[in-house]
Amino acid sequence: MKIIEKALAFVGLLSLCALFIYALQDAPTDENFEKKLINDYNVYALQVPENLDFAGEPVPLNNPDILERMDRELLVNTYWQSNGLLMFKRAHKYFPVIEPILKKNGVPDDFKYLAVIESGLTNAVSPAGARGIWQIMPATARENGLEVNDNVDERYHLEKSTEVACKYLLDAKENLGSWTLAAAAYNAGNAGVSRRLKEQNVDDYYDLLLGEETGRYMFRIIALKEILSHPNKYGFNFREKDLYTDVPTYKVEVDTAVTDFTKFAESFGINYKILKLHNPWLREPHLNNKSRKLYHIDIPKKGIYQ
C-alpha cells in the first residue's frame with residue numbers, strides 16, 4: 001500500500017512540474033508578444049509607442065495622465081475591430097480625394113484623420129446640425145461660400161467641404177498658434193479653446209482640463225493615425241481587393257433647372273439612386289437653380305454599374 005501511495009505521489013509531482021514548465025513556456029515574453037498579437041485573437045495590453053505626434057507636434061507621453069489617455073484610445077479603437085476595418089476600407093476610397101486638397105492649402109496631411117473621427121468618413125448628421133464627412137455647421141458653410149438649403153447642401157460635396165475645413169483650420173492655427181490647438185478648435189470652436197486657455201493660464205492642449213468630448217478629441221485622432229498607419233501591428237489583416245475604391249466619374253455642367261433627376265439620370269444610363277450616391281449634395285429629386293448657377297454633376301463612367 002505504501003509503495004502505491006509513493007508511486008502516486010511521484011506521478012503527481014511530475015504532473016505539477018510539467019504544468020509549471022508548460023506555463024513558463026506559454027507565458028508571453030517580449031520576443032513572442034508581438035507575434036501573438038498579430039496571429040491570434042486573444043486580447044493583449046498594447047504598448048503605447050514611445051514617440052507619437054500630430055502634424056509634427058509631439059505628444060508629451062512622459063506625462064502619466066497623457067500616457068493613460070493615449071493608451072485608452074489605442075485600446076478602444078484597436079479592439080473595436082468591425083469599425084476599424086471599415087475605417088481602412090473607407091480611407092482607401094476617400095483619402096486620395098482629401099490628401100491633395102490638404103496639401104494644396106498648406107494643411108498637414110495628419111488632418112485627414114480628423115475627418116475619420118468626425119464622421120467615420122460617412123455623410124453623417126450630428127444632433128447639432130453638422131453634416132457631411134467634415135461635419136460642418138450651416139453657418140460656417142455659408143460664411144465660406146457653400147450653398148446650404150433644402151434643395152442643395154454642399155456640405156455633402158467632399159471636395160468643396162474639404163476646402164472649407166482647410167480654411168477653418170488655417171484660421172485656427174493663426175489664432176491659436178499650433179496645429180494641435182487648431183484641431184481642438186475644430187471640435188470646440190476658436191472662441192471656446194481661447195477662453196479655456198486664458199482661464200487656465202496655459203498655452204498647450206495637453207495642459208488643458210476639458211470636457212469629455214474635446215478632452216478625448218486629439219487622442220482619438222492620434223490613435224486612428226497610429227492604427228491606420230500600421231494595420232499589421234494592431235492585428236488588422238486585409239488584402240488590397242478588400243478595400244473600397246472610388247468609382248471613376250466625369251462631370252456634366254448644368255446651369256439650368258432640372259425638373260426630374262430620375263429622367264436626367266436615365267439619360268446617362270444610370271438610375272436615380274446611383275446619381276444621388278455620387279452627388280449627395282443634391283438633396284431633392286429636382287434642381288431649382290433660379291439663379292442659373294453653374295453646377296458640376298458627377299456621372300459614373302459607362303459600364304461601371306450594370
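**Entry 1: His278.** I began with His278, which sits in helix α12, residues 272-278. The model is a predicted one, so I am reading computed values throughout. Is His278 buried or exposed? I looked up its relative accessible area and found 16%. The cut-off for buried is under 20%, so His278 counts as buried. Next I listed what His278 touches, leaving out residues up to four places away in sequence: Val247, Thr249, Asp298, Pro300 and Tyr305.

**Entry 2: the largest pocket.** I then turned to the largest pocket and noted a volume of about 630 Å³. Which residues are closest to its centre? His278 turned up again, along with Tyr94, Asp246, Leu277 and Pro280, out of 23 lining residues. I also checked which elements contribute to the lining: α4, α7 (158-176), β3 (249-254) and α12 each supply at least two residues.

**Entry 3: helix α3.** I moved on to α3, which runs over residues 64-78 and has 15 residues. From first C-alpha to last I get 21 Å, close to the 21 Å expected at 1.5 Å a residue. Then I looked for what caps its N-terminal end, and found Asn63: a side-chain oxygen of Asn63 lies 2.9 Å from the backbone nitrogen of Asp65.

Which residues of α3 are buried? My list reads Ile66, Met70, Glu73, Leu74, Asn77 and Thr78. Looking down the axis of α3, I see these buried residues fall within an arc of 125°, so they line one face of the helix. I reminded myself that an α-helix has 3.6 residues a turn, so residues three or four places apart point the same way. On the other side of α3, I noted Pro64 and Glu68 as exposed. What do the buried residues of α3 pack against? I found α4 (81-105) and α10 (212-229) as their partners.

**Entry 4: two positive phi values.** Last, I looked at backbone angles. Leu121 has a phi near 55°, a positive value in a residue other than glycine. I located Leu121 in the loop between α5 (112-119) and α6 (138-143). Its relative accessible area is 2%, so I put Leu121 down as buried.

Asn289, also not a glycine, has a positive phi near 50°. I placed Asn289 in the loop between α12 and β4 (295-300). With a relative accessible area of 7%, Asn289 is buried.

Notes:
Residues numbered from 1 in each chain as written. Predicted model: local features only at pLDDT ≥ 70, side-chain atom pairs only at ≥ 80, totals over all residues. Heavy atoms only, no water. Helix = DSSP H or I, 4+ residues; strand = E, 2+ residues; numbered from the N terminus. Expected span 1.5 Å × (residues − 1). Buried < 20%, exposed > 50% of the residue type's maximum accessible area, 1.4 Å probe, protein only. Arc of directions from axis to C-beta. Contact = heavy atoms within 4.5 Å. Polar contact = N/O pair within 3.5 Å; in protein donor to acceptor, adjacent residues only side chain to side chain. 1 Å grid on protein atoms, 1.4 Å probe; cavity = no way out; pocket = protein on both sides within 12 Å on 5 of 7 lines; lining within 4 Å. Points joined across faces, edges and corners; volume = space filled by probe spheres on them.
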